[in-house]
Amino acid sequence: MLSSTAVAMRMYVLLSMLIASFILASVLQAQQGPAGQSVPALLKASKWQKRVLLLCAPAPDDADLRRQQQLLEPVRAGLDSRDLVVREVIISQLSTADKQYLTQRLGVAAGGFTAVLIGKDGGVKRRETRPLPPATLFSTIDAMPMRQQEMRGKQ
């Protein structure tokens with residue numbers, strides 16, 4: 001039978017391990033950037049389900065990022081009807097792996113604003129270094145074969 005000191009010591013060790021686990025989970029989530037999900041994980045989870053518009057900027061106060069947000073705000077219904085998820089990606093807040101993924105796989109320059117439209121198939125459909133007008137964004141999406149099929153199915 002264990003003494004009360006041994007039981008207290010085991011409880012202390014278990015509690016310490018639990019706290020350490022929570023701290024580690026918090027650190028790992030912070031490394032994954034906004035919304036707690038890495039860019040590749042977001043794109044993998046969205047594949048065949050959602051289109052993704054990545055708004056990549058070096059800092060949260062980037063003028064082009066703010067302008068793009070202003071342009072998209074009044075057209076939320078159009079974004080939703082096109083199964084489009086908009087994700088802000090602040091490059092200075094990303095892990096090294098996410099930065100490499102953006103630059104090497106998606107062609108995003110680290111020093112400026114880039115809007116990247118990813119189709120449901122996971123492919124890059126459009127890349128712009130200036131804010132994208134909603135009409136241009138919507139016409140790009142509406143010309144996609146999968147979107148054409150979606151529109152025919154809703155009629």
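A charge is taken to sit over a ring if NZ of Lys or CZ of Arg is within 6 Å of the ring centre and within 35 degrees of the ring normal. The model is predicted, with local features requiring pLDDT of at least 70 and side-chain atom pairs counted only at pLDDT 80 or more, while totals for chains, interfaces and linings use all residues. Residues are numbered from 1 along each chain as its sequence is written, and side-chain values use heavy atoms, with hydrogens and water left out.

The charged end of Arg82 is placed over the ring of Phe138, at 3.9 Å from the ring centre. Arg82 also takes part in a salt bridge with Asp142, in which the closest N and O atoms are 2.9 Å apart; a salt bridge is a side-chain nitrogen of Lys or Arg within 4 Å of a carboxyl oxygen of Asp or Glu. Arg82 belongs to the loop between helix 4 (76–81) and strand 2 (84–90), and Asp142 to helix 6 (residues 134–142), so the pair ties together parts that are 60 residues apart in sequence. Helices (H or I, at least four residues) and strands (E, at least two) are DSSP runs, numbered from the N terminus. In total, the structure holds 10 salt bridges.

Helix 2 (residues 39–46) and helix 5 (residues 96–106) have axes that come within 8 Å and cross at roughly 60°. Axes are lines fitted to C-alpha atoms, for helices over the stretch in contact, and angles run from 0 to 180 degrees between N-to-C directions. Helix 2 and helix 5 are therefore oblique to each other, given that angles under 35 degrees count as roughly parallel, over 145 as roughly antiparallel, 65 to 115 as roughly perpendicular and the rest as oblique. Val39, Pro40 and Leu43 of helix 2 make the contact with Asp98, Tyr101, Leu102 and Leu106 of helix 5, where contact means heavy atoms within 4.5 Å.

Tyr101 lies in helix 5. Its C-alpha atom is separated by 7.7 Å from that of Val39, 62 residues away along the chain. Apart from neighbours within four places in sequence, Tyr101 is in contact with Val39, Pro40, Leu43 and Leu106.

Leu71 is located in helix 3 (residues 63–72). Leu71 and Pro133 are 62 residues apart in sequence, with a C-alpha to C-alpha separation of 6.6 Å. When neighbours within four places in sequence are set aside, Leu71 is in contact with Pro131, Leu132, Pro133 and Pro134.
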